[in-house]
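Please consult the sequence and the coordinates shown here alongside the text.

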Amino acid sequence: MMTATALLCLATPALADMGDAAVGEKEFRKCKSCHQIASADEVIVKGGRTGPNLYGIIGRQAGIEDFRYGADLVTAGEQGLVWNADTLQAYITDPRGFLRETLGDDKAQVKMTFRLRDHQADVAAYLAQFGQDSGS
C-alpha cells in the first residue's frame, strides 16, 4: 500500500498540497448528487445517498460505517487504508486506479465511477473541516 501511495504522489505532484477549502466548497457541488455531509446533529450539505456520508471522512478507515461499500474498498480498509488528504485526493482523481494500486489487484472494482479532474486538494481541504476533531 505504501508503494501505491508513493507512486500516486509521484504521478500527481499536487497531492501533497493541502488546498483551499473555499474553492473545495464550490467544487463539492459536483459531489453532492451522490454524497451528503451530515453530523448526528446537523445536515451541513444536503446531498444524495448513493454514496456514503462524507462527514468525518478524513481519519476514517476506508470501507466502514453505515454504508454498503464494494468488497474491494472494504478489503482496502481491512488492510489499513485510512482516508487522509493524500489518499482522498488520489482516490477522487481515479477511484478504480487508486484502489487497484492500493490492493495490487488489476481487477479491483469500485462503485464510484466519477473522477474529479481538478481541485482535488481543495475538496480534501473542504472535507477536512468536518469531523470529530475539526470542531464542526
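The model is predicted. Its largest nonpolar core comprises 29 residues, and those with the most contacts inside it are Phe28, Ile37, Leu73, Trp83 and Leu127. Helix 3 (71-78), helix 4 (85-93), helix 5 (95-103) and helix 6 (120-128) each supply at least two residues of this core. Helix 4 provides the largest share, five residues. In general, nonpolar side chains tend to be buried together in soluble globular proteins.

Beyond its neighbours up to four places away in sequence, Trp83 touches Ile57, Ile58, Gly59, Arg60, Gln61, Ala62, Leu73, Leu88, Tyr91 and Phe98.

Helix 3 has Leu73, Ala76 and Gly77 as its buried residues. These lie on the same side of helix 3, because they cover an arc of only 100° around the axis. Ala71 and Glu78, on the other side of helix 3, are exposed. The cover over the buried residues of helix 3 includes helix 4 and helix 5. Just after helix 3, Gly80 adopts a positive phi of about 110°.

The largest pocket has a volume of about 560 Å³. It is lined by 34 residues, of which His35, Gly51, Pro52, Tyr91 and Met112 are the closest to its centre. The lining divides by class as follows.

| Class of lining residue | Number |
|---|---|
| Nonpolar | 21 residues |
| Polar | nine residues |

Technical notes. Residues are numbered from 1 along each chain as its sequence is written. This is a predicted model: local features need pLDDT of at least 70, side-chain atom pairs count only at pLDDT 80 or more; totals for chains, interfaces and linings use all residues. Side-chain values use heavy atoms; hydrogens and water are left out. A nonpolar core is a set of buried Ala, Val, Leu, Ile, Met, Phe, Trp, Tyr and Cys residues joined through side-chain atoms within 4.5 Å. Buried means under 20% relative accessible area, exposed over 50%, partly exposed in between (1.4 Å probe, protein chains only). Helices (H or I, at least four residues) and strands (E, at least two) are DSSP runs, numbered from the N terminus. Contact means heavy atoms within 4.5 Å. The arc is that of the directions from the helix axis to the C-beta atoms. On a 1 Å grid over the protein atoms alone, a cavity is a set of points where a 1.4 Å probe fits but cannot get out, and a pocket is an open set with protein on both sides within 12 Å along at least five of seven lines; lining residues have an atom within 4 Å of a point. Grid points are joined across faces, edges and corners, and a volume is the space filled by probe spheres set on the points. Ala, Val, Leu, Ile, Met, Phe, Trp, Tyr, Cys and Pro count as nonpolar, Asp, Glu, Lys and Arg as charged, and the others, Gly among them, as polar.
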